[in-house]
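Work through the exercises below with the coordinates open. Try each task before reading its solution.

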Amino acid sequence: MAWTAWVVRVARKAGWVAAYGLGLLALLLAGVWVWWQPEPEARGTSTNALWARHQWVGEEHGEEEYRALGRLLRENRITDVFFHAGPFEADGTVPPAKYRNARRLIEAMREHAPGVRAQAYLGQIRKVDGYGITDLDDPGVRARVLRTDEIFLDLGFDGIHYDFEPIYPGDAAFLDLLERTRELTRSRGRLLSVAVEQLTLVDEAQPLYKAVLPRGWGRFHYPPRPTEEFLRAVADRADQVAIMTYDVMLPTRSLAGRHYAWHTERTLRLIGDRTTVFIGVPTYRPQMGWAEDLPGALRGVRRGLDALDRPPARPYGVGIYAEWTTLPAEWALYRAMWLPRRSA
């Protein structure tokens, strides 16, 4: 009987703890939902980026396709297009067959989308703790990456856009590559941009992650997100930083929107005076597509802008991921929800 009474007491206490936790969760959800209701006041900008599919660089296209691409970019006030041109091989090279149409693309961009910067989008799975493909810790690999960058700049690209993943805070080899690449691009009057993950939620949690989780892309891994210090270091070495804010994995639209608002505000406060920032928004179908979509992301970004005391000193906007998944209806929503109204 005593044992039964003890079980009942424990169950009762556990029930109270669960009820208390569920109550706090309900209050949190209700608070975020109430916060989400007001319409944002901030408008978007005319400095925006687009990730574009590899076929533009790797395959031939007709003149009407180039003309349509130019119309799309002009109509939606896209200033920078990251044309997928890689990925890098393990040794830091890109086979010429992968970019056999690059020169024709650049010619078409200059004709049909003058002023829009075409950047070579290059990256790979960065080797970390023995897992991955490209070993940026190898000085020879970094040197070959730079020589590959020169090839794309010689073809006429307006910049180099890096997307190496995963990149962990304190990655000295990656920062060295950024420094040397920016020396190259600036010597040619071109740009260096880089895509990085969203900021950590709590920088102070990094030692715990390092202690209990492996690095890399396994099922359970130390999240490859920049700390504030590391993101500032990246921003000081790049002309543009694109934040991969998408893949939210939150179950409601208001929570997903709060995610975009929080990262927009925090990122622009941190590096908006140092470099051009693009907040990545999705047009692909995320795993929780009922909660995360383009309209919700744009609304969240605008709510983040509302929270700023002043606009950043450098240009900022959104980066649309991706050109090959964006439907005409989504482009229309983007224009209505994000682009500033044209003056009469």
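**Exercise 1. A salt bridge of Glu330**

With which residue does Glu330 form a salt bridge, and how far apart are the closest N and O atoms?

Solution. The model is a predicted one.
Step 1. Find the partner. Glu330 forms a salt bridge with Arg285. The closest N and O atoms are 3.3 Å apart.
Step 2. Glu330 is in helix H11, and Arg285 is in the loop between strand S7 (276-282) and H10. The two residues are 45 residues apart, and the pair links distant parts of the chain.
Step 3. Check accessibility. Glu330 has a relative accessible area of 13%. The cut-off for buried is under 20%, so Glu330 is buried. Arg285 has 52% relative accessibility and counts as exposed.

**Exercise 2. Helical salt bridges**

Take the pairs Glu107 with Arg104 and Glu265 with Arg269. Work out their spacing along the helix.

Solution. 
Step 1. Get the total. The whole structure holds 24 salt bridges.
Step 2. Take Glu107 and Arg104. Their closest N and O atoms are 3.8 Å apart. The salt-bridge limit is 4 Å. Both residues are in helix H4 (residues 102-112), three residues apart, so about one helical turn separates them.
Step 3. Check their accessibility. Glu107 is partly exposed at 43%. Arg104 is partly exposed at 28%.
Step 4. Take Glu265 and Arg269. Their side chains meet at 3.1 Å, N to O. Both lie in helix H9 (residues 253-271), four residues apart, about one turn of the helix. Arg269 has a relative accessible area of 42% and is partly exposed.

**Exercise 3. Arg299 and its surroundings**

Is Arg299 buried or exposed? Which residues does Arg299 touch, not counting residues up to four places away in sequence?

Solution. 
Step 1. Locate Arg299. This residue is found in helix H10.
Step 2. Classify Arg299. Its relative accessibility is 17%, so Arg299 counts as buried.
Step 3. List the contacts. Beyond four places in sequence, Arg299 touches Trp36, Gln37, Pro38, Glu39, Pro40 and Met337.

**Exercise 4. Aromatic pairs**

Classify the ring pairs Trp51 with Tyr321 and Tyr162 with Phe164.

Solution. 
Step 1. Count. There are 15 aromatic pairs.
Step 2. Take Trp51 and Tyr321. The centres are 5.7 Å apart, with 65° between the planes. Planes over 60 degrees apart count as edge-to-face, so this pair is edge-to-face.
Step 3. Trp51 lies in strand S1 and Tyr321 in strand S8, so the pair ties together parts 270 residues apart in sequence. Trp51 is buried at 2%, whereas Tyr321 is partly exposed at 22%.
Step 4. Take Tyr162 and Phe164. The ring centres are 5.4 Å apart and the planes are at 50°, so the pair is tilted. Tyr162 is buried at 0%. Phe164 is buried at 2%.
Step 5. Look for a cluster. Trp51 and Tyr321 belong to one aromatic cluster with Phe82, Tyr246, Phe278, Tyr284 and Trp324.

**Exercise 5. The largest nonpolar core**

Which residues touch the most other members of the largest nonpolar core?

Solution. 
Step 1. In soluble globular proteins, nonpolar side chains tend to be buried together.
Step 2. Name the residues. The core has 88 residues, and Phe83, Met109, Phe152, Phe157, Tyr162, Val241 and Tyr334 touch the most other members.
Step 3. Find the main contributor. Helix H6 (residues 172-187) gives the most to this core, with six residues.
Step 4. Inspect Phe157. Beyond four places in sequence, its contacts include Val57, Phe83, Ala102, Ile106 and Phe152. Gln119 and Arg190 are also among them.

Key. Residues numbered from 1 in each chain as written. Predicted model: local features only at pLDDT ≥ 70, side-chain atom pairs only at ≥ 80, totals over all residues. Heavy atoms only, no water. Phe/Tyr/Trp six-rings, centres within 6.5 Å; stacked < 30°, edge-to-face > 60°. Buried < 20%, exposed > 50% of the residue type's maximum accessible area, 1.4 Å probe, protein only. Contact = heavy atoms within 4.5 Å. Core = buried A, V, L, I, M, F, W, Y, C linked by side-chain atoms within 4.5 Å.
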